[in-house]
Amino acid sequence: MSANPPLTRRSMLTAAGLGAVGLAAAACSRGGTTTEDGKPKSPTVSIVYTPALDSEDAPNPTATVSVRAENGQLNPDVKLLNASGKAVAGTMSDDQKTFTITEPLGYGSQYTWQGSAVGFDRVSTPISGSFTTLSPKSQMNVVVNIGDGQEVGIAAPIILKFNDTVQDKEAVEKALKVTTDPPTEGAWAWLGEDNGSRAHWRTKEYYKPGTTVHMDAKLYGVDHGDGAYGAADVTSDFTIGRSQIVKAEASSHQIVVVRDGGVLMTLPCSYGGGDLDRNVTRSGIHVVTEKYEDFFMSNPAAGYFNIRERFAVRISNNGEFIHANPETVGVQGSSNVTNGCINLSLENAQRYFESAIYGDPVEVTGTRIALSEADGDIFDWIFDWSSWTGMSAIKGDPDQVSAPATPSGAPTSNAPAPAPAG
């Protein structure tokens, strides 16, 4: 047998080149995008859109929006574009099969999918198509009474004031959540219409000082009824301050300010009394809502207009204040002669004024007329707990509850509460 001829460098390079070509051919021969007769292959990957692109119902802008690849994976170029061509925020799943939108969409807006997916057969397919979100008949706004970072008193309710009537109160109430630390029992109730609906959250008993409160009203996308949807979510984060309660027994002709269980000050005063109902200070738990160093008061029925009063602390919307009144100093501590307010001397009014904050309870007792819904926007504490929870749209009918006695341990009037307005 003849010996094999020696391999030269040129022959080795030629052999190596042939080998590389062979490997490349072998790699390419494992797949392709056409069939043996040259026609394009049908992709095995299928695309599932949520919501479906051919759906007759416009999706809620807060509903789940996603695209999923079946028998394949999504490519990194997948995105959802708004009408302005801007990509909406979203996340890709770890297995690259699902892309999910992570921010609420707009009402009545068109959105377009863009991108591609590839099947396990390496055949790609485009991701495309549009859908339009629902267009509400109207959008309802709401404001909350307590701002972020505010420190309030132990009787402060959370008040959500809507700019129109909420027809589906149950659906709206289910979107409301209050979280407290430490945990505090409380409930939502729907009070009478006041140029729009009102939902109040009140604790069963007064808050503990230092409690932190978070209110979350996820109302955007919520059907309020009759074609109205929530315009935006609303939140509030606030803290309960020290415990301060004004004990105001009319026959004593004084107020006692109790701070954290101890008497802070005892101040002689004059309450509203007499035969005219409009002059009687109402019995029941009032709540401090605002205060003014200078306030101009008018009472046409009593015959005075724009009278400057000092250190005025409002305790109800029927015109009741705790304020300075030099004209009644001579009877403060001995007689009740005012037109419904609680009068103090200038010095004492300033002392109380400087101590008061929003949400402090003022517990008035000993007069012949009880605080009622007719007296303003915060009359929450006239209801016992059973009646209050009965005004929840989820637990009962808010329109069929009367106003009985005050909560357990709270002061009561020496006369029965008036019947609810018809």
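**View A. Strand β26 and its side chains.** From strand β26 (residues 321-324), Phe-321 and His-323 point one way, Ile-322 and Ala-324 the other. All are buried (under 20% relative accessible area; over 50% is exposed, in between partly exposed; 1.4 Å probe, protein chains only). Strands are DSSP runs of E, at least two residues, numbered from the N terminus. This is a predicted model: local features need pLDDT of at least 70, side-chain atom pairs pLDDT 80 or more, while totals for chains, interfaces and linings use all residues. Residues are numbered from 1 along each chain as its sequence is written, and side-chain values use heavy atoms, without hydrogens and water.

**View B. The partners of β26.** Strand β25 (residues 304-314) pairs with β26 in the antiparallel sense over 3 bridges; pairing takes at least two DSSP bridges. Arg-314 stands opposite Phe-321. The two strands, β25 and β26, form a hairpin with 6 residues between them. Gly-319 in the turn has a positive phi of about 100°. Strand β27 (residues 342-344) runs parallel to β26, joined by 3 bridges. Here Ala-324 faces Leu-344.

**View C. Aromatic pair Tyr-107 and Tyr-220.** The ring centres lie 4.8 Å apart with planes at 50°, so the pair is tilted. Rings of Phe, Tyr and Trp (its six-membered ring) pair with centres within 6.5 Å; planes under 30 degrees apart are stacked, over 60 edge-to-face, the rest tilted. Tyr-107 is buried at 13% relative accessibility, Tyr-220 at 17%.

**View D. Aromatic pair Phe-295 and Phe-321.** Centres are 4.9 Å apart and planes at 40°, so this pair is tilted. Both residues, Phe-295 and Phe-321, are buried.

Conventions: Helices (H or I, at least four residues) and strands (E, at least two) are DSSP runs, numbered from the N terminus.
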